[in-house]
Protein chains: 4
Amino acid sequence: MATTVVTGAAAIRSGLLPPVGCVTETADFAGAELPGLDALVFGGHDIAGAAPMAKRAEELARAGVVPPWSPAAVAGELEDADAEIRVGLVAGEPGTLREQADRLIADLVSFRERRDLERVVVVNVASTEPPFPRRPEHADLGALESALAASGDALPPSSVYAYAALRAGCPYIDFTPSTGVRLPALDELARRMGVPYAGSDAKTGETLVKTALAPMFAARALAVRAWSGTNLLGGGDGATLADPQASRSKKISKDRSLTEILGHRVEGETHIDYVRPMGEWKTAWDHVLFEGFGGVQMTLQFTWQGCDSALAAPLVLDLARLAARAHETGESGPLTALGFFFKDPIGVREHRLALQYELLCEWAARLGARA
Amino acid sequence: MATTVVTGAAAIRSGLLPPVGCVTETADFAGAELPGLDALVFGGHDIAGAAPMAKRAEELARAGVVPPWSPAAVAGELEDADAEIRVGLVAGEPGTLREQADRLIADLVSFRERRDLERVVVVNVASTEPPFPRRPEHADLGALESALAASGDALPPSSVYAYAALRAGCPYIDFTPSTGVRLPALDELARRMGVPYAGSDAKTGETLVKTALAPMFAARALAVRAWSGTNLLGGGDGATLADPQASRSKKISKDRSLTEILGHRVEGETHIDYVRPMGEWKTAWDHVLFEGFGGVQMTLQFTWQGCDSALAAPLVLDLARLAARAHETGESGPLTALGFFFKDPIGVREHRLALQYELLCEWAARLGARA
Amino acid sequence: MATTVVTGAAAIRSGLLPPVGCVTETADFAGAELPGLDALVFGGHDIAGAAPMAKRAEELARAGVVPPWSPAAVAGELEDADAEIRVGLVAGEPGTLREQADRLIADLVSFRERRDLERVVVVNVASTEPPFPRRPEHADLGALESALAASGDALPPSSVYAYAALRAGCPYIDFTPSTGVRLPALDELARRMGVPYAGSDAKTGETLVKTALAPMFAARALAVRAWSGTNLLGGGDGATLADPQASRSKKISKDRSLTEILGHRVEGETHIDYVRPMGEWKTAWDHVLFEGFGGVQMTLQFTWQGCDSALAAPLVLDLARLAARAHETGESGPLTALGFFFKDPIGVREHRLALQYELLCEWAARLGARA
Amino acid sequence: MATTVVTGAAAIRSGLLPPVGCVTETADFAGAELPGLDALVFGGHDIAGAAPMAKRAEELARAGVVPPWSPAAVAGELEDADAEIRVGLVAGEPGTLREQADRLIADLVSFRERRDLERVVVVNVASTEPPFPRRPEHADLGALESALAASGDALPPSSVYAYAALRAGCPYIDFTPSTGVRLPALDELARRMGVPYAGSDAKTGETLVKTALAPMFAARALAVRAWSGTNLLGGGDGATLADPQASRSKKISKDRSLTEILGHRVEGETHIDYVRPMGEWKTAWDHVLFEGFGGVQMTLQFTWQGCDSALAAPLVLDLARLAARAHETGESGPLTALGFFFKDPIGVREHRLALQYELLCEWAARLGARA
């Protein structure tokens with residue numbers, strides 16, 4: 001997905017593509033004083049030995065995710081981003097978690113200084129982790145620091161990245177349902193460092209549609225009796241979610257919205273199936289059984305067929321720009337106005353898409369009004 | 001549909017059914033000081049020789065629209081409503097339109113006085129008319145009065161009913177896309193009489209879902225390239241709409257919302273097919289082709305399977321109660337806050353369902369705050 | 001379902017309903033010399049304390065499965081069938097399995113003699129059992145008889161019923177995916193007794209459509225890459241299949257057809273979800289990803305919305321009549337020509353619906369041609 | 001579509017692509033003694049000024065219809081085919097129809113002789129024409145010859161091409177619903193010339209699925225009450241069918257199959273909508289309302305999403321090879337065994353897909369058995 005982000009952003013900056021899918025490029029955000037798309041510089045942490053972006057962009061072009069001409073047209077930008085990729089956490093890496101985090105922090109600081117950047121926003125777009133059990137040290141920053149300095153595995157990788165970002169003074173965005181920044185100790189750190197954060201689990205398909213549709217039933221006093229869903233997806237994310245542990249993280253995150261919007265638990269399973277030949281594409285089918293006047297049962301079904309990277313990539317740009325501006329204007333802690341982008345927004349219980357959008361726009365107006 | 005309204009309202013009042021589908025029975029309207037469901041008295045105009053409500057309720061029970069036990073359980077209320085049904089306009093009726101309207105007015109006033117009612121709300125739930133060409137006398141009340149007093153057909157039946165309602169001091173609701181009250185001369189009359197009105201064309205299916213979903217595309221900056229829809233419906237409404245002229249009224253009304261929400265005309269046809277064996281049921285299939293980041297084309301499809309009367313009937317109760325309270329508090333002219341209920345709301349351009357609901361709730365709060 | 005069978009058959013015999021859904025009432029079976037619908041007498045084994053058929057028929061009428069007038073119209077037939085219901089196997093029943101089977105056999109023989117019937121066909125319409133592990137004694141009739149006579153649980157209930165039916169000289173039909181008659185030892189018994197049998201797992205929904213559609217892909221040389229399915233069902237069957245063990249039996253049976261028709265295993269999961277509020281209804285959504293000329297990926301989706309009892313009941317009548325005629329003409333062992341009715345036909349590998357129908361018709365013609 | 005045919009055939013011959021979608025490459029046709037794919041030479045008639053195939057192949061690659069590498073890989077074959085393209089009939093062309101036909105005949109004969117071909121099969125893949133009114137001269141070859149020799153427009157273009165093909169001794173295939181060879185006078189000509197022909201209107205989507213599914217309802221004695229369909233298509237074919245006259249040809253052809261299979265006319269409309277942004281893709285949604293045991297109404301819906309050229313192109317190869325072999329073995333007149341490929345097969349009333357496939361395979365076996 002990172003390759004889609006860089007390729008697309010470069011093509012938009014060069015005027016080769018319109019900014020379709022970029023929320024922050026619409027009129028509602030014109031006054032928010034966000035950093036321009038052309039002010040962004042890309043870098044990141046990746047696993048060792050990952051293919052260069054140029055090669056991955058060509059694969060994406062073959063799969064129809066980015067235009068066929070685009071890898072060549074933005075070759076320079078891809079190379080530039082590649083040069084800023086460092087090796088991330090490695091399973092079985094020696095040293096304490098604090099030592100590992102220090103390496104990540106050094107990379108972030110070096111990137112910011114070498115490239116003379118005002119700030120760096122870290123976005124976690126890694127594969128989904130299984131749920132990580134809560135521990136006492138997650139509740140308190142002091143205790144967490146001690147645990148990180150000792151040997152042991154006090155945090156899952158996503159949270160080590162979050163810790164490193166916050167320590168380096170970088171806003172942090174959880175694009176996945178992994179634990180990440182969602183711990184009281186890390187919230188404490190973010191506030192102490194004066195750094196904002198947001199998450200978690202970007203909504204780009206089934207849940208996006210659900211949070212647009214469920215309020216309709218609520219507003220019309222129609223009683224939803226069951227909401228069942230099946231998600232078919234290929235690609236890397238599909239393979240990760242074929243692991244029942246990882247998909248458990250995802251399902252927990254997906255189910256929350258319905259309960260919040262309708263005010264009660266609703267019957268119905270959510271399936272996530274890995275269908276390898278679907279490649280970059282995902283399909284969600286949802287079946288809603290609801291009851292109307294006189295107890296009559298009726299149904300709504302929808303089928304969403306989307307390209308995962310194309311849906312997610314522009315949101316990375318949106319979130320990075322919004323978080324950067326929030327940081328610039330002095331916000332710290334959870335950015336609840338970003339709930340619009342997430343399946344399981346941190347720090348806020350509003351899941352209705354239209355109202356989330358209103359909150360986002362109002363906040364964007366306030367961002368613009370600040371110095 | 002009138003039979004479903006009376007049957008359902010009686011069953012709810014007696015505690016035999018929960019008020020599912022009644023918007024005004026939810027917590028958001030608890031403080032609006034609306035007339036109670038048990039304060040409502042039903043009457044109406046119908047074609048001569050229509051079957052009694054008891055018989056129609058049994059047909060509805062057989063079709064699964066109302067519970068099988070309900071016709072017997074509410075027999076008294078059905079009989080009571082039947083006794084208040086008068087013959088409406090008759091094709092080829094002698095006399096000027098004003099004379100015909102006077103007969104309707106006398107019926108309305110007699111109903112109000114005999115039953116000692118505070119007010120009567122007239123809801124047009126007749127079959128959809130073909131579009132009626134605009135005439136100069138539609139623009140001005142004085143000219144319209146002269147035309148009605150002369151022989152001729154200055155107004156379609158729906159507008160004669162609207163004229164009569166307003167003249168009788170009754171709030172008027174257009175549940176259909178027919179011309180009805182939607183004329184400058186009738187707006188003038190409503191304001192002069194101090195009577196509120198609303199319309200038009202209740203949204204109970206495809207358009208309801210459309211206005212919940214289309215804002216999602218707009219908010220996410222996804223470019224809708226085509227929105228195609230097919231509506232299959234049986235029942236009386238289906239037969240009427242099998243007439244291309246009548247269905248033209250419906251299509252115009254259905255298409256407006258998308259253009260307003262997305263800000264531009266969108267390609268795609270809307271079909272309305274009469275499928276007799278579907279009886280009281282309707283099915284809508286919509287196919288949305290949209291473009292995301294990098295120009296990737298994706299699709300959303302939905303299938304809505306609903307029972308027309310069960311979807312529409314509770315809205316009649318909601319609209320009657322809200323219009324009655326508006327009248328009581330002195331509002332006149334178009335009730336724009338009722339846009340939530342209509343495909344083509346009069347006097348307001350907001351079509352996004354969630355925002356319409358917000359406007360409705362805010363207005364309900366104001367209604368409650370008044371004396 | 002048994003109640004639907006008896007109610008429907010009685011209504012058809014009385015001319016109150018057309019024989020829609022009855023394969024054997026079509027022209028293709030006119031010459032097969034099948035017993036008439038009015039020659040059928042109903043009885044059965046049920047759990048102790050089951051509600052009388054009259055009561056269940058009323059529940060079915062309320063749920064829209066049988067016409068509202070039908071329970072009253074066929075009250076006599078329902079009472080007649082009720083009088084022939086005996087208590088079946090009881091969990092924890094004392095005695096050896098052979099002793100239990102002897103009780104069933106006595107019931108069958110008594111039914112045949114008291115009612116002066118030419119033959120009795122036993123159809124297993126009980127809830128689906130979990131898969132039962134194969135044992136050495138399943139392979140040989142002698143060994144099985146010894147095991148039944150000893151204490152122990154050599155057979156699951158469905159197979160005890162099958163054993164009893166065959167021993168009583170009754171053709172046996174497996175309507176479910178339970179083990180039933182599908183054991184070499186029981187095949188040996190059937191042949192020795194000169195009794196035909198058939199099964200298993202009636203196809204009435206998703207698999208029916210699959211076996212109509214999959215041959216299309218094969219014949220057109222289109223490469224099916226993945227076939228995913230989700231089944232939502234309420235009712236008794238849904239509750240049983242909510243148990244992962246029981247649904248495993250069902251899934252094994254459902255998956256076989258695709259492999260046989262396409263000639264290779266196909267990716268894709270099949271989900272069976274219990275959705276209680278769906279009552280007697282079931283919905284299947286299938287998503288087929290296939291590849292055409294030049295490697296282009298395309299999709300077919302279908303949604304099947306059916307009433308389980310209404311789909312299954314007429315097949316019980318068809319199977320009983322066909323098995324009765326087969327028995328009359330001297331057939332014994334598996335009736336492979338009945339594969340048309342089953343998800344996992346015994347004794348034959350043809351799963352293509354159209355060819356199964358051809359085989360059935362050819363066999364019906366042969367049945368008719370015999371003495 | 002012609003470009004897809006040539007590109008795909010060349011890629012398959014070179015081993016660059018597997019022959020997915022080619023019916024005649026499956027095991028069932030191994031013994032039919034068909035000409036090999038590498039024995040085919042491509043040429044054709046096109047409108048003047050059409051873009052060269054190389055350019056069109058690149059457009060197809062960009063649209064994802066042929067693999068991105070294929071235009072370069074088969075550049076030689078595309079050039080070779082381009083060199084054999086001649087200008088076809090031109091609207092308003094001077095001369096009698098016979099003179100115009102003579103020009104086409106000369107092209108065909110020259111192609112056959114210059115390239116030293118055993119035979120040429122003509123496949124009409126032009127845009128669909130509006131229905132052409134029947135005339136007396138269509139019934140008799142002598143009368144037709146006179147009419148062609150006089151000035152006037154006795155035949156639509158598709159039939160002039162058919163006439164020319166037959167006169168040149170070339171088998172003729174109608175891939176479209178245009179009039180083409182479907183006239184008694186042309187049948188007479190074909191038989192006199194000893195030339196086989198087939199048609200019409202290749203089934204590649206909605207109708208293909210319909211003819212696989214409709215027999216299921218018939219075989220199960222389920223009563224189809226309404227079958228409604230909506231087809232969304234872009235591309236050249238979509239634009240042509242946006243013309244109500246042309247789409248009338250298509251609808252007539254599409255509707256026939258259902259009536260034939262179910263034995264009666266079925267309610268329900270078929271819509272064909274041109275949705276320009278869909279490009280090469282088409283989507284069909286069908287809604288089937290059917291009745292089962294006890295009069296219960298149920299539904300089946302399907303959505304077919306296909307790439308038109310990728311579905312049609314391999315059939316052109318199949319039909320050319322089968323027609324060539326039929327010609328070689330001396331068949332003339334309508335090739336009824338090719339009904340499998342057509343929405344409205346000439347000379348045969350069997351529309352059930354599975355049985356059509358059986359007839360085709362049996363015929364293929366007979367073709368192989370001949371000298």
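Contact, in these exercises, means heavy atoms within 4.5 Å. The structure is a predicted model, in which local features need pLDDT of at least 70 and side-chain atom pairs count only at pLDDT 80 or more, while totals for chains, interfaces and linings use all residues. Residues are numbered from 1 along each chain as its sequence is written, chains are lettered from A and ligands numbered from 1 in the order in which they are written, and side-chain values use heavy atoms, with hydrogens and water left out.

**Exercise 1. Work out how chain A is related to chain B, and through which surface the two copies meet.**

Begin with confidence: pLDDT, the predictor's confidence in each residue from 0 to 100, averages 95 in chain A, where 100% of the residues score at least 70. The model as a whole scores ipTM 0.96 and pTM 0.96.

Next, superpose the copies by least squares on the C-alpha atoms of residues with pLDDT of at least 70 in both. A rotation of 180° with 0.0 Å of shift along its axis brings chain A onto chain B, with an RMSD of 0.0 Å. The two copies are thus related as by a two-fold rotation axis. Among the residues of chain A, A:Phe302 comes closest to that axis, its C-alpha lying at 2.0 Å.

Finally, compare the surfaces: 100% of the interface residues of chain A are also interface residues in chain B, so the copies meet through the same surface.

**Exercise 2. Describe the interface between chain D and chain B.**

First count the residues: 22 residues of chain D are in contact with 23 residues of chain B.

Then take the buried area, which is the accessible area (1.4 Å probe) that two parts lose on being put together, summed over both. Between chain D and chain B this comes to about 1900 Å², of which carbon and sulfur atoms give 56%. D:Glu267, D:Pro277 and D:Trp285 supply 27% of the area that chain D buries against chain B, more than any other three residues.

**Exercise 3. Decide whether B:Lys343 is buried or exposed, and find what surrounds B:Lys343.**

Then judge its exposure, taking buried as under 20% relative accessible area, exposed as over 50%, and partly exposed as in between (1.4 Å probe, protein chains only). With a relative accessible area of 5%, B:Lys343 is buried.

Last, examine the surroundings. Not counting residues up to four places away in sequence, B:Lys343 touches residues including B:Asp201, B:Thr207, B:Lys250 and B:His351. B:Lys203 is 140 residues from B:Lys343 in sequence, yet their C-alpha atoms are 5.0 Å apart in space. A polar atom of the B:Lys343 side chain lies 2.9 Å from the backbone oxygen of B:Ala202.

Key:
A polar contact is a pair of N or O atoms within 3.5 Å; within protein, one must be able to donate a hydrogen and the other to accept it, and residues adjacent in sequence count only if both atoms are side-chain atoms.
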